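Welcome to this tour! Open your viewer, get ready to select residues by number, and follow along one stop at a time.

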Amino acid sequence: MSTVHEASRDVPVLTETDILVVGGGPAGIAAAVASAREGVKTLLVERYGFLGGNITQAMVESIAWYRHEETVEAGGIGTEFEREAEEVGGTRDDSESIGQLIDADLFKYAADRMIQKAGVTPLLHCWVVDVVYDGNEICGVITESKSGRRAILAKIIIDASGDADVAARAGAPYRQAPKDELMSVTVGFGLSGVDVEAFRAHVKQKPGRIGDWATKTAKKENELFSAYFTDVFHEARKAGDIPKDMMLDGYWHALTDAGEATGMNLVRIFNVDPTDVWDLTRAEIEGRRQVIYAVEALKKHQPGFENAKLRTIGSSIGTRESRKIEGRYNLTEHDVMNQAAFDDSIGIFPEFLDAYGLVLIPTTGRYFQVPYGISVPKGVENLLVAGRSVAGDRISHSATRQMICCAVTGQGCGVAAAVAVKDGCLPSAVDISTVQQRLQVQGVRIN
């Protein structure tokens, strides 16, 4: 690769804060709200013009489709997402669970309300591009925005970027599978003009089951209802309406009385490295092309969709995995499948796994504890990592990538960072018993 010389320069400081959270998805919102509730000055930086991460940018409405009567959860800020969305009219019943589907557009507003009520300072349209060091401790970041190249100084930084962007730029060790082994990325979309009653009648006659698409389960999942359909696309391929190599299939989510199907998760693009700008560009363009094919296939072959019209396309692809840090502890397959307990637990998460064909649904009350150590990166101080890039193996990722689990690690990091600021210590050396006590005050179940 050829290079150019970039002259050194002084970078103006845009602002200073106690805690800086980078990334405004479920993990970042939870981290920022949790730290602000502890009375610590908190700044939340987001590259888009809205918060919500995959909920809003990728239109993933089903954040709690695993929830059943016997499911045991951590509570805390993750469950507040549904309550806050409900208050602004942004939820609908989930056909797959007792959870709530979240309206992607209204959650942009709900997320604003959450951080404003907590006293978090938001900074949108701002991209973190580098880090600032004081010795081996991070003391800030370099950003790019319409305001130019600016620095933000902070006592502690929480990387909730989803791709471990800050950790990678800081030189923290991480792993990333080759792109042909990574999970696919998705372009979500919504439709209007749907005959909802005709579609529901069709689903009642031919209901989907988790066993239709999962390759490995505990068998109890196989007959559970799934908002999944694939036959329509087999028919479309046979008719020549979509290319034979186009892997369209997936899930419908909310249906409205206005004839809308608001969260269609049908497009998957494989062999994409979410940290490569060329791959991201290809995925966005190919994803939109496949959306158009999907709409036409539904109109021709799916009862109830004859008069459907494209309503919206997600503002960005949805990413399932990329970088994962090497942490003080690396969560394992055995941990998430065997109700692991940890002395440094910052919350619990149900035994819900969904990735690589493996699906476990928490219908029996089983759960594992989430250790703080998976958020503490090796080799870098003053930095915590929350969300899907926490430390762990391939199968544990099928649990920690879930948005409510991202909120668990986010809230744990937010409280830990706040305690560290108050105690004047590094987050790697924080008193975990104090963190756990404060999390319980915030309504989190930790064991």
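Our tour begins at the second largest cavity, whose lining residues divide into 5 nonpolar, 1 polar and 1 charged. Keep in mind as you look around that this is a predicted model. To find the spot, select Trp65, His68, Glu96, Ile210, Leu224, Phe225 and Ile361, which line this second largest cavity. The space inside is about 30 Å³.

**Next stop: the largest cavity**

How many cavities of 30 Å³ or more are there? The count comes to 2, and the largest has a volume of about 60 Å³. Select Ala74, Gly75, Ala407, Val408 and Gln411: among the 13 residues that line the largest cavity, these lie nearest its centre. Which kinds of residue make up this lining? Colour them by type and you will find 8 nonpolar residues, 5 polar ones and no charged ones.

Now bring in the helices. Helix H3 (77-87) and helix H11 each give at least two residues to the lining of the largest cavity. The largest share, 5 residues, comes from H11.

**Along helix H11**

Select residues 403-423 to show the whole of H11. At 1.5 Å a residue, its 21 residues should span 30 Å, and the C-alpha atoms at its ends are 30 Å apart, which agrees.

**A sheet of three strands**

Now select S16, S11 and S18. These 3 strands form an open sheet in the order S16-S11-S18, with antiparallel pairing. Strand S16 (261-264) and strand S18 (309-313) stand at the edges with a single partner strand each, so one side of each has no neighbour in the sheet. From one strand to the next, the twist averages 30°. As background, strands of a sheet pair through backbone hydrogen bonds, either parallel or antiparallel.

Zoom in on strand S11 (residues 189-192), which pairs with S16 in the antiparallel sense over 2 bridges. Which residue of S16 stands opposite phenylalanine 189? Show the two together: the one facing phenylalanine 189 is methionine 264.

**Two loops to compare**

Select lysine 219, in the loop between strand S12 (208-209) and strand S13 (225-226). Its phi is positive, about 75°, although lysine 219 is not a glycine. With a relative accessibility of 68%, lysine 219 counts as exposed.

Now jump to asparagine 382, in the loop between strand S23 (367-371) and strand S24 (383-385). Here too phi is positive in a residue other than glycine, with a value near 70°. Is asparagine 382 buried or exposed? At 10% relative accessibility, asparagine 382 counts as buried.

Finish at the second largest pocket, which holds about 280 Å³ of space. Select Lys206, Tyr228, Phe229, Thr230 and Asp231, the closest to its centre of the 20 residues that line it. Helix H6 (196-205), S13, strand S14 (228-229) and helix H7 (231-238) each give two or more residues to this lining. Colour the lining of the pocket by type, and you will see 10 nonpolar, 6 polar and 4 charged residues.

Technical notes:
Residues numbered from 1 in each chain as written. Predicted model: local features only at pLDDT ≥ 70, side-chain atom pairs only at ≥ 80, totals over all residues. Heavy atoms only, no water. Helix = DSSP H or I, 4+ residues; strand = E, 2+ residues; numbered from the N terminus. Expected span 1.5 Å × (residues − 1). 1 Å grid on protein atoms, 1.4 Å probe; cavity = no way out; pocket = protein on both sides within 12 Å on 5 of 7 lines; lining within 4 Å. Points joined across faces, edges and corners; volume = space filled by probe spheres on them. Nonpolar A, V, L, I, M, F, W, Y, C, P; charged D, E, K, R; others polar. Pairing = 2+ DSSP bridges. Axes fitted to C-alpha atoms, helices over the stretch in contact; angles between N-to-C directions. Buried < 20%, exposed > 50% of the residue type's maximum accessible area, 1.4 Å probe, protein only.
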